[in-house]
Structures are given as C-alpha cells and as structure tokens.
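Please read the points below with the sequence and the model open side by side. They are meant for someone who has not looked at this structure before.

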Amino acid sequence: MNFTILRFDTIESTNTEALNQAKRGADEGLCVIAKQQTAGRGRHGRNWVSEKDSGLYFSIVLRPKIEPRFLPLITLMSAVVVHDTLEKLYKIECDIKWVNDIHVRDKKICGILAETCDTPKGLAIIVGIGINLKSPNFPPEIAETATSIENETAKTPNVEDLLQTLTRYFAIFYEVLISENGAKKIRQDWTERSSYAFRKNVKVNIENEIIFGITRGIEENGALRVETSDGEIKIIHAGDVERLRKV
Amino acid sequence: MSETALAKSKSETKERTIKKQTTAPSLNMAELRELAELVNEHGFTDFEFENANIRVRLSKMIAAPIVQTVQPAVSAPVAATVQNETVTPETPTATDEDLHKITSPIVGTFYASPAPDKDAYVSLGDKVSENTTVCIVEAMKLMNEIQAEVSGEVVKIYVENGQPVEYGQPLFGIRK
C-alpha cells in the first residue's frame, strides 16, 4: 500500500476531509492527519476531544476488495494495528475492548471510527484513528477514563515516529485482511490481543436495552457473542461494552 | 375411490376436527400448524376460517403475515412524540409490492438519525433523490450511510431506531 499524507494544523474532522477526498476520487492509502480537530467525531454523533497537539488525529482512505460481510473486520484490524504500534514503539501493554477501543489499565488511549461512502471509484471506507499523545487538558469527566502515551511512558512521544510505525503496521495487517483466509487471520489476531474475547463478565449498553453476560468469542464478521444468565447467546453488532468487576 | 375424492374426504375430516377444536377461545400452535398443512396440501393461496370465538386467515402470497401494528401508549413528552411518528415501523404487506424497498446491505444496527439528539435523516412523506442519506446501519463501529438510490417519496418505514437488522431486510418503502 502506498501512503499519501495530507497534513493540517487545524481541521474540522480528519474523517470528514478523508470522506470528501474519497468522493473526489482519492486513491487507497490517502491519509489525513491534523494537529487539532475542531469537530472530531466519535461513535453515533459523540464528540472526540481533539485539542491542539494532544493527539494524533489520523484518517485513511481504503478501497478494500473483500466480501462485504467481512468489511466490519476492518475496524478490528485497525485496533490490532494500534495495539501493536503502541507495544512495539513504547512497550505499552494494551488491551482491545470490543470492538476497537485501545485500553491501558482499563483507560482509553485510542478510539477508532470507520465510515463507508459511495464514490465514483466504488465503495470507500474511511478509518479514523485518534491516539492520545498527552492528557493534561482532558476534561474531568474524561480524565478518569482516559490516558495517553505521555502518561504511560513519562515521555513526550515523537509524532513522526508514531505515524511511521502506525502506517507500517497498517500496511502489514491490511495485506493480511485482503489476502486469502485473511478474515480468519484477523479474527485470530484480534482474539489473541483482546481480554474481551472470551470469559469476560460484561455489561453491554445497546440503543434500546442493557445486556449482562459473559463473552463467548466473536462471529465471522467480528460481532461479539455474549451469553446471558439464562444461557442465551446474544450477538452484539453495536453498543458500548463495559467490564464488570467482581464484587 | 379416486385420488381427488380421497383428498376431499381427508380434507372434510380435518375440517371437522378443526371446527370442533376451535370452539375453544383460541387455537394452539399444533392446531395452527395442522391448519397450515391442510391449506398447503390443497394448494390454497388464501384460507379464512371464522367462528364465534376466532378468525384465522392464512395466505401464501405475501412475504410476511398481515399484522396490525399496535402503537404503544406514548408516555414521553409531546416533543418526542413527533419524532416517534417519523419512525413508526410497519411490516411489509402485499400492498407494498409496487414500492421500491431500500434494504440493509449488512447485518447491523439501524439508526434513523446521525446522533440521538438529532432529527431523523428522513420522515414519512419526505421526497428523496438517489444520493439522499436515509439512515445509518452500524456494524462493529463501521458506520454505513445508506443512500436512497432512487427518487421518490418515503411512504413506509419498516424499522425502529436502534433495532438490529439483517442483510437484505427492508428498511424503507419508496414510491417512485
């Protein structure tokens, strides 16, 4: 994969810019990075705090030629990429909270959000990755649940090193995903890195209900299997998963 | 006895049995199944049965049973009621056959609006064109914006906000 990187000091949202670039015909591998986002987006309209120089705000255009049912695995693959980047570069021990939040000691260090869009060149997928570099200015409600590379290593990370390793791992795992049996390999990679894959007591907040249960692996498209107390397996495609601590 | 006569005789026997059983206030599942088998056996596309206690209608021509959607009592504030009305789900029926169905391209969760506090992308009666975004289906934090792909009017909304949807499930009915 060849990367072309567009750099911005301040931008509304790197995902929005990458979406617009894709609609104008940008090739796979186009990346948008910014030092600051004024309207960073999280899942389902949530705000992503994106203060100047506090994070790496990164979005990439993909045009994957894989079976549509496996497309959601791109977000699991992206989590594996960030997980390995942080471990390799900074020796930070990470966990992947389903589906693609990167956690360090139960605090979030990275969030990932992907979007599809129809373009003249066919379907494109934009993967947005926000990695916390520093966390001095987190609002109080986020400070308790978030961390940053600086917090974990006591050093200010070099953004260029981070970007280089991130794109290198992205190319490696993306090649795996689009190769033969790639979906299965990515599921394995994800499962090996996530403590949420099996036997985790969780609470799942879905749009209209809350489910309690124990995780029982993932489906072929990355959906989480949760067994409830009456033995029923619920398949979760969207929702916030929380670890339940033993009382 | 010819095959036709035999079939008729069988059917009369079954019909008598069912009539006898339906003097109870309702049909149980076994009786319903028997009724469905009887209808199927004779190649009927429509079957209706009625007595003082119950009315049963079976039809093979439509994809889903005819269900009268009963609206739950709304206890939410008036402002929320307006929003609810725009996403009142309906079951596709035979009368929807002439509508263009916008279906879900993936298994996931249906969202009528870009965020919980935002208005729905489209409401009943709205005019849409090919590129109009009508909803989002989320799967594993991959947000799939669904476009109308045809021009017309939104006349049916088959799913509710936050509802899980299957591949190919009808989401909207558009009158072109």
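How many salt bridges does the structure hold over all chains? The structure holds 18, a salt bridge being a side-chain nitrogen of Lys or Arg within 4 Å of a carboxyl oxygen of Asp or Glu.

This is a predicted model, in which local features need pLDDT of at least 70 and side-chain atom pairs count only at pLDDT 80 or more, while totals for chains, interfaces and linings use all residues. Residues are numbered from 1 along each chain as its sequence is written, chains are lettered from A and ligands numbered from 1 in the order in which they are written, and side-chain values use heavy atoms, with hydrogens and water left out.

1. Side chains of opposite charge can pair when their charged atoms come close. A:D27 pairs with A:K121 in a salt bridge whose closest N and O atoms are 2.6 Å apart. A:D27 lies in the loop between α1 and β2 of chain A and A:K121 in the loop between β6 and β7 of chain A, so this pair ties together parts that are 94 residues apart in sequence. Helices (H or I, at least four residues) and strands (E, at least two) are DSSP runs, numbered from the N terminus. A:D27 is exposed, at a relative accessible area of 52%, whereas A:K121 is partly exposed at 46%. Here buried means under 20% relative accessible area, exposed over 50%, and partly exposed in between (1.4 Å probe, protein chains only).

2. Other salt bridges of chain A. A:K108 and A:D101 meet through their side chains at 3.3 Å, N to O. A:K108 is partly exposed at 21% relative accessibility, and A:D101 is buried at 8%. In the salt bridge of A:E219 with A:R225, the closest N and O atoms are 2.8 Å apart; A:E219 is partly exposed at 26%, and A:R225 is partly exposed at 27%. A network of salt bridges links A:D84, A:D189, A:E192 and A:R193.

3. Aromatic pairs. Rings of Phe, Tyr and Trp (its six-membered ring) pair if their centres lie within 6.5 Å; planes under 30 degrees apart count as stacked, over 60 as edge-to-face and the rest as tilted. By this rule there are 2 aromatic pairs over all chains. A:Y169 and A:F173 form a stacked pair, with 6.3 Å from centre to centre and 25° between the planes. These residues are 4 apart in helix α5 (residues 159-178) of chain A, and about one helical turn separates them. Both A:Y169 and A:F173 are buried. The rings of B:F110 and B:F172 are tilted, with centres 5.9 Å apart and planes at 55°. B:F110 belongs to strand β4 (residues 108-111) and B:F172 to strand β10 (residues 170-175) of chain B, so this pair ties together parts that are 62 residues apart in sequence. B:F110 is buried at 0% relative accessibility, and B:F172 is buried at 1%.

4. Charges over rings. A charge sits over a ring if NZ of Lys or CZ of Arg is within 6 Å of the ring centre and within 35 degrees of the ring normal. A:R168 lies over the face of A:Y169, 5.5 Å from the ring centre. A:K200 lies over the face of A:Y196, at 4.7 Å from the ring centre.

5. Helix α1 of chain A. Of the 10 residues of helix α1 (residues 14-23), 7 are buried, so the helix is largely enclosed by the rest of the structure. Among the buried residues are A:T14, A:L19 and A:A22. The buried residues of α1(A) pack against β1 (4-11), β2 (30-37), β3 (55-62), β6 (107-119) and β7 (122-132) of chain A.

6. A buried loop residue. A:T147 lies in the loop between α3 (140-143) and α4 (149-153) of chain A and is buried, with a relative accessible area of 1%. Not counting residues up to four places away in sequence, A:T147 touches several residues, including A:V104, A:K108, A:N132 and A:F138; contact means heavy atoms within 4.5 Å.

7. Chain B. There are 3 helices and 10 strands in chain B. Buried residues make up 36% of its 176 residues. B:A115, in the loop between β4 and β5 (127-128) of chain B, is buried at 2% relative accessible area and touches A:H44 and A:G45.
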